[in-house]
Amino acid sequence: MLIAGFPAGAWGTNCYLVAPAPGEECVIIDPGHEAAPGVEEALKKHRLKPVAVVLTHGHLDHVASVVPVCGAHDVPAWIHPEDRYMMSDPEKALGRSIGAQLMGELTVGEPDDVKELTDGATLELAGMELTVAHAPGHTKGSVTFGLPEAADIPPILFSGDLLFAGSIGRTDLPGGDMAEILDSLARVCLPLDDSTVVLSGHGPQTTIGQERATNPYLRQVAAGPGADTERAPRRGM
């Protein structure tokens with residue numbers, strides 16, 4: 001398994017290229033602000049051929065390079081239908097105070113081929129199986145992508161802005177909801193094995209076991225209804 005990741009643009013959003021091995025087909029996850037040059041560099045370095053872009057949610061810091069990346073390689077983009085509008089209308093998605101600052105700087109819109117994600121679906125792409133879990137709370141259409149354990153790798157969760165090392169995604173933007181994100185953490189993350197590697201939308205990698213033991217939000221949902229714990233600052237756009 002090959003996973004090449006790099007932080008892109010002003011928000012340091014993690015973009016990932018995932019392939020069974022160097023020299024094979026790959027999937028690109030979350031090509032955000034100024035991610036296109038890094039994507040091209042990784043494709044060349046590892047001799048990869050992209051077959052799809054998949055998006056954990058629609059915020060601009062995760063989708064800003066979708067149109068050039070998909071156009072350059074004639075591949076589709078996959079996104080949950082509840083976040084699809086964000087590709088064309090980031091101001092509505094982020095609120096006027098944030099979105100208006102960006103509208104004059106970036107070209108937005110949809111790529112030519114957009115496919116919609118559904119909860120529980122398995123995407124068979126580039127010889128791999130990515131399992132989709134709808135995980136609202138940061139946005140209404142947030143999803144995670146899971147890769148099963150294989151001979152040379154533990155299970156992997158691409159968590160987007162649901163779960164970070166030590167924290168979770170913010171819920172104060174349009175479509176955000178604290179109760180929903182806590183429910184998503186309980187439903188999507190808690191059942192996973194402790195060995196599951198978490199590759200999130202921002203920051204370093206972690207594991208479910210590490211977050212189960214130390215993340216105040218995951219500890220809260222594990223403790224059950226009515227529990228509360230000291231909370232860390234939340235992240236994401």
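Colleague: Happy to dig in! What should I know about the numbering and the pLDDT limits?
Modeller: Residues are numbered from 1 along each chain as its sequence is written, and side-chain values use heavy atoms, with hydrogens and water left out. As the model is predicted, totals for chains, interfaces and linings use all residues, side-chain atom pairs count only at pLDDT 80 or more, and local features need pLDDT of at least 70.

Colleague: Thanks! Which residues of helix H1 are buried?
Modeller: Helices (H or I, at least four residues) and strands (E, at least two) are DSSP runs, numbered from the N terminus. Buried means under 20% relative accessible area, exposed over 50% and partly exposed in between (1.4 Å probe, protein chains only). In H1, residues 36-46, the buried ones are Gly38, Val39, Ala42, Leu43 and His46.

Colleague: Within what arc do those buried residues of H1 fall?
Modeller: The arc is taken from the directions from the helix axis to the C-beta atoms. Seen down the axis of H1, the buried residues line one face of the helix, because they fall within an arc of 135 degrees.

Colleague: On to charges: how many residues apart in sequence are the parts tied together by arginine 84 and glutamate 116?
Modeller: A salt bridge is a side-chain nitrogen of Lys or Arg within 4 Å of a carboxyl oxygen of Asp or Glu. The side chains of arginine 84 and glutamate 116 form one at 3.3 Å, N to O. Arginine 84 lies in the loop between strand E5 and helix H4 and glutamate 116 in strand E6, so the pair ties together parts that are 32 residues apart.

Colleague: What are the closest N and O atoms' distance in the salt bridge of aspartate 194 with arginine 212?
Modeller: Both partners are partly exposed: aspartate 194 has 41% relative accessibility, and arginine 212 has 27%. Their closest N and O atoms are apart by 2.7 Å.

Colleague: Last one: which residues do salt bridges that share partners join into one network?
Modeller: The structure holds 7 salt bridges. Those that share partners join into one network Arg84, Glu110 and Glu116.
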